[in-house]
Amino acid sequence: MGNPLTKLISTVTVPFRTQIRRASSVVAPKHQDDHPNGISNGNGYTRVNGTNANTNGHLHGHINGHTNGYTTMDSERRPLLGNGTGNGGRWTTESDSDFSWRDFFLDAKRTPGTKHPNPFIKYPIHVWHVIKVTLLSSWINLLLVCVPLGIIAGERGWSATAVFTLNFFAIIPLASILSFATEEIALRLGETLGGLVNATFGNAVELIVSIVALRAGEIEVVQASMLGSILSNLLLVLGMCFLLGGIFNMRDSNGGGIEQTFATGTAQTTCSMMTLASASLIIPAALYTMLNHSDSQEKQDSILMLSRGTAVILLLLYCAYLVFVLRTHKTLFEPEAQAVGDVAPEPEDEPILSPWSAALVLIVTTFIISYAADYMVDSIDEIAATGTMSKTFIGLILIPIVGNAAEHVTACVVAVKNKMDLAMGVAIGSSIQIALLVTPSLVLLGWAIGQPMSLHFETFETIAFALSVMVVTYTVQDGKSNYLEGAMLMGLYIIIALAFWASPTDALQKLSTIF
């Protein structure tokens with residue numbers, strides 16, 4: 001060690017040792033005993049040996065150090081997408097076999113580099129991860145190309161048909177993203193808080209469109225949208241769940257015909273709550289008919305007083321419903337026991353996004369939906385003036401299709417998998433939210449902003465809703481379903497849609513003035 005010649009040799013070889021360490025850091029060699037004598041292992045990793053005993057031992061001391069065969073790296077020479085973890089805390093890189101550009105761009109669940117220790121690398125990759133996972137969450141997101149086109153159409157003053165159509169198709173993928181972000185948050189909050197989140201954001205699209213329409217004074221569109229959302233979930237979504245679930249789960253192992261089942265508590269509570277919602281619309285209509293002899297302003301004041309008081313009561317009952325379902329009597333809503341021979345339940349999904357990331361997606365998506373909804377609502381008057389379709393048909397049929405697209409797909413998929421309790425929760429649970437939470441909230445919001453929003457719907461709309469609730473009640477009260485019942489519900493929905501399509505634009509307004 002004290003020999004001057006040895007010190008001289010060490011000093012002279014310092015530049016070479018530095019170059020070797022840098023080259024080792026770039027290729028990130030693995031254990032040095034894998035390929036002796038500097039032979040490549042096929043993945044770009046080679047062993048670096050000295051030319052003599054002194055140099056070889058000195059280099060091994062620098063290269064190996066305390067890493068037991070793994071190369072240490074300074075922060076400025078760490079690879080772009082290194083994970084900085086694993087192997088007992090030793091720095092390693094993602095080799096060609098570990099890292100794939102295909103995963104970086106197309107993997108819907110993970111992105112290499114999100115745990116990099118360098119914040120200038122970690123956070124941009126994390127932003128890309130959130131965007132990528134959100135975009136790849138559903139094939140419906142291919143329609144996102146309509147979002148900029150719809151906004152441009154509204155800003156440039158294109159025809160009402162073009163503005164309405166582009167923003168109509170733009171809201172469909174945005175609703176899917178909203179549903180995805182909501183589910184990501186609900187997965188982390190547990191059953192109770194997750195249920196509250198789903199109750200709040202499950203019908204966010206209908207709520208946003210209705211708020212925009214309410215501010216514009218389009219009360220007819222708001223009422224039709226609320227009623228149409230309920231009918232869409234009760235008849236179309238639930239009917240398709242029964243139809244597809246019954247077809248794909250038609251027979252048992254012996255070839256005999258069977259029915260799908262769901263918790264009896266779900267059926268009984270659902271029937272009761274929807275009957276209550278039906279009564280909350282029938283009573284204002286009956287009062288309006290009874291006050292026919294009064295002047296128009298007096299009738300309007302009486303209906304508004306009744307509607308606002310009823311809205312407060314419905315909101316309180318909805319809170320009691322949440323407590324009943326999620327806290328005190330949640331065992332009544334547990335799935336029915338699976339029959340012997342059924343497959344084991346699938347593992348629960350794990351969240352992909354962090355709560356803050358999912359919340360940011362919710363906020364951004366809601367902001368974009370509000371813009372698209374604003375342009376779509378502004379074009380309704382011009383479309384209705386052409387006589388092509390009435391405002392009621394747009395609100396009752398078209399807008400609910402936009403808002404319920406993601407829920408519709410989800411409910412049908414789980415019904416085919418014979419998870420009818422979940423399908424019932426998505427379809428009828430959403431109807432209860434609209435009837436007991438969203439609609440009363442809009443009545444109170446109209447009161448706050450000076451818009452005469454009430455629970456007095458058009459007579460034809462009220463009759464259609466009451467008949468639908470009656471049919472659904474008879475269908476689900478036994479806790480069983482089959483494809484025939486699904487076909488019946490879908491048939492009733494088509495009949496109601498045809499009735500509103502066939503009615504002239506001003507026919508419903510004239511009918512309202514008669515009664």
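**View 1. Trp 101 in helix H4 of the predicted model.** In this predicted model, Trp 101 lies in helix H4, which covers residues 101–106. The residue is exposed, since its relative accessible area is 52% and the class of exposed residues begins over 50%. Although Trp 101 and Pro 112 are 11 residues apart in sequence, their C-alpha atoms are 9.0 Å apart in space.

View 2. Lys 122 has its place in helix H5, made up of residues 119–135. With a relative accessible area of 30%, Lys 122 counts as partly exposed, because this value falls between the 20% under which a residue is buried and the 50% over which a residue is exposed. Once its neighbours within four places in sequence are left aside, Lys 122 is in contact with Gly 113, Thr 114 and His 116.

**View 3. Leu 234 and the largest nonpolar core.** The largest nonpolar core holds 106 residues, and the members that touch the most others are Leu 234, Leu 235, Leu 238, Phe 465 and Val 476. Helix H9, spanning residues 219–248, gives the most to this core, contributing 15 residues. Beyond its neighbours within four places in sequence, Leu 234 is in contact with Gly 239, Met 274, Ile 428, Ser 431, Phe 465, Val 469, Val 472 and Leu 489.

**View 4. The crossing of helices H11 and H16.** Helix H11 (residues 296–328) and helix H16 (residues 420–449) have axes that come within 8 Å and cross at roughly 140 degrees, so H11 is oblique to H16. The crossing in which H11 passes H16 is left-handed. On the side of H11, the contact is made by Ser 307, Arg 308, Ala 311, Val 312, Leu 314, Leu 315, Tyr 318 and Tyr 321, while H16 supplies Ile 432, Gln 433, Ala 435, Leu 436, Leu 437, Pro 440, Ser 441, Val 443, Leu 444 and Trp 447. Sorted by class, the residues in this contact are 14 nonpolar, 3 polar and 1 charged.

**View 5. The protein chain around the close-ups.** The protein chain contains 19 helices and 2 strands, and of its 515 residues 45% are buried. Among the contacts in the chain between residues at least 6 apart in sequence, 74% join residues that are at least 24 apart.

Definitions and conventions
Residues are numbered from 1 along each chain as its sequence is written. This is a predicted model: local features need pLDDT of at least 70, side-chain atom pairs count only at pLDDT 80 or more; totals for chains, interfaces and linings use all residues. Side-chain values use heavy atoms; hydrogens and water are left out. A nonpolar core is a set of buried Ala, Val, Leu, Ile, Met, Phe, Trp, Tyr and Cys residues joined through side-chain atoms within 4.5 Å. Buried means under 20% relative accessible area, exposed over 50%, partly exposed in between (1.4 Å probe, protein chains only). Helices (H or I, at least four residues) and strands (E, at least two) are DSSP runs, numbered from the N terminus. Contact means heavy atoms within 4.5 Å. Axes are lines fitted to C-alpha atoms, for helices over the stretch in contact, and angles run from 0 to 180 degrees between N-to-C directions. Angles under 35 degrees count as roughly parallel, over 145 as roughly antiparallel, 65 to 115 as roughly perpendicular and the rest as oblique. A crossing is left-handed if the near helix is turned anticlockwise from the far one by less than a right angle, and right-handed if clockwise. Ala, Val, Leu, Ile, Met, Phe, Trp, Tyr, Cys and Pro count as nonpolar, Asp, Glu, Lys and Arg as charged, and the others, Gly among them, as polar.
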